[in-house]
Amino acid sequence: MDADMDAEPALVLRGVTKRFGGLAVCDDIGFAVPTGARMALIGPNGAGKTTLFNLISGVYAIDSGSISLQGQPIHDLPPRRRVRAGLSRSFQNIRLMPHLSVIENIMLGQHTLASDIGSLLSPLAWQRNSPWRKQAEDSMHRAGIDVDPDAAVSGLPYGLRKKIEVVRALMSRPRVLILDEPAAGLNPRETAELSNFLRSVAWDGLTLLVVEHDMSFVHDLCDRTVVLNFGRLIYDGPTPGVQENQEVREAYLGSRRVTKKEAGRVA
Amino acid sequence: MSGYLSGTLAILCINLIFAYGIFITAVAGQINLGGAGFQAIGAYATAWLASQSGAPMWVIIPAATLISALVGFLISLPVLRTRGVYMVLATFAFGEVVAGFLLRSEIFGGAIGMVVPQHAELWVLIASAVMTTLAAFYLMATRLGLAMRSLNDDEDAATVLGVNARAVQVAAFTIGGAFAGLSGALYALNFGFVEAQYFNALLSIYVLLFVLIGGAQTAWGPLAGSLFFTILPELFRVGGSWRYFVFGVLIVLMMMVRPEGIVTRDLVRRLSPFAWWRRAGVAHGR
């Protein structure tokens, strides 16, 4: 914990607020993700987790507050510039391109590294030995995606497509990777595999922020956890302590309604 | 070669290049219903340059193509602010504005049209069609082509992956404008006469159908669509006026049977001579 304080945090949110109509979906949220940490973001349904991810990745604009990545404010940048700044994400519902093959989907993740005019206009699909394709195939194999790289992505099993999306998000060589429910819909074996894979790719300096409901996955992968409830931050600390926290328990299980009679008895 | 055959071949070449112009924007997820406007610009630029400057054809054709590309670039900036059906209407309006302008302008002959004092031989059309086809296949193989296709699939996800959606779509509109303009230039040089009434909404609809029926997923689609729409009506000539009915029914059937077009990516993959070999390689664990 103390070592974390020395280095500049990879991702810092300060007073992040987003309203839809009159409803504050994210209300004054502030926390820091230390460089190299694997942090979980949890909370009951409707707590604002996915909205917060959309604010971080730039799908929505924040109403107030600030978001910085490695000390650089990113909240005014369009999404593609945030990718260049070192941010990458996956989606809650798989958002692979259905008409692209497996390898094309993964190579699309390289876009920010290859967006000069020469790379854009070289015939990638005809260069089966290009370093881009080699790199994408290597990442596929390291992630245990053992299918024909040129296969259509739409026919593949759910767990595999989920993995492909994570690999695609890694192709831009992010400093911070944010994953929205990566284990949702996976069976226990696939979940364990994903956890191991994420641990193996979390090379020195890669920071993970993961929205997840599967608490055993969170315990397995994440050393720190932040908890949202009704758009507010209610816990920011080590993962092992989270389930003992009274406010977190109430958020998930509901607080006991205290009657006047009971209140009198307690008093 | 008989006059009939060479005439049909010339129309096929023009239609094919025109179809690629619409295809390129369709690949990036935009429906261009103003194709006739771009073709008209290429055709009238050619007619005007040929009658005013007397420059040789190899100067006029690229010049007309460039002018149409420039218009494509400029028109994409406001058009790309619209989405979905509104974009379709915006491009449609563009086509109507171009036709209306040409119909009323004195220097372009108004309703009388313009005579083109030069003629392109069939080989010029064939060479242009071959080069356009190769260019389309090349473009589809590039990373720019990959980015264009990703926008058609899921623009928001592509943006979050770092694709500059607007820049890619502007590029698609510009290249599409160039191809459509080239087809117009060849039309003018083949028929020797241009009139604004020809470049109407029905033409825009037809060329869009070439692409949608042919398939917008691969560069094979416009080829299939142009062949389908150029050859079949000729074959149906024996049926007299019933041919329009038969052709219409056939289009509806095609849309029902192959909603993603005659040629899909999956079909290309299965027909590829490498597919069997590659599958065999995978089966043996590479």
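Reader: Which residues does B:Ala40 touch, not counting residues up to four places away in sequence?

Author: This is a predicted model. B:Ala40 belongs to the largest nonpolar core, which has 160 residues, and is among the members that touch the most others. Leaving aside residues up to four places away in sequence, the residues that B:Ala40 touches are B:Val98, B:Ala99, B:Leu102, B:Gly184, B:Ala196 and B:Phe199.

Reader: Which helix gives the most to this core?

Author: The members of the core that touch the most others include B:Val168 and B:Leu186. With 15 residues, the helix that gives the most to the core is the one spanning residues 165–191 of chain B, α7.

Reader: In the open sheet of chain A, which are the edge strands?

Author: The four strands follow the order β2-β1-β4-β5, with antiparallel pairing. Within it, β1 (residues 11–20) and β4 (residues 64–69) of chain A are joined by five bridges. A strand that pairs on one side only is an edge strand here, and in chain A these are β2 (23–33) and β5 (72–73).

Reader: What angle does helix α2 of chain A make with β2(A)?

Author: Helix α2 (residues 49–57) packs on the sheet and touches β1, β2 and β4 of chain A. Its direction and that of β2(A) make an angle of about 65°.

Reader: Which element gives the most to the side of chain B that touches chain A?

Author: Chain B contributes 25 residues to the contact and chain A 32 residues. Elements giving two or more residues on the chain B side include α5 (122–141) and α6 (143–160). With 12 residues, the element that gives the most is α6(B).

Conventions. Residues are numbered from 1 along each chain as its sequence is written. Chains are lettered from A and ligands numbered from 1 in the order in which they are written. This is a predicted model: local features need pLDDT of at least 70, side-chain atom pairs count only at pLDDT 80 or more; totals for chains, interfaces and linings use all residues. Two strands pair if DSSP finds at least two bridges between them. Two residues are in contact if their C-beta atoms, placed from the backbone, lie within 7 Å. Axes are lines fitted to C-alpha atoms, for helices over the stretch in contact, and angles run from 0 to 180 degrees between N-to-C directions. A nonpolar core is a set of buried Ala, Val, Leu, Ile, Met, Phe, Trp, Tyr and Cys residues joined through C-beta atoms within 7 Å. A residue is buried if 20 or more other C-beta atoms lie within 10 Å of its own, exposed if 12 or fewer, and partly exposed in between; C-beta atoms are placed from the backbone.
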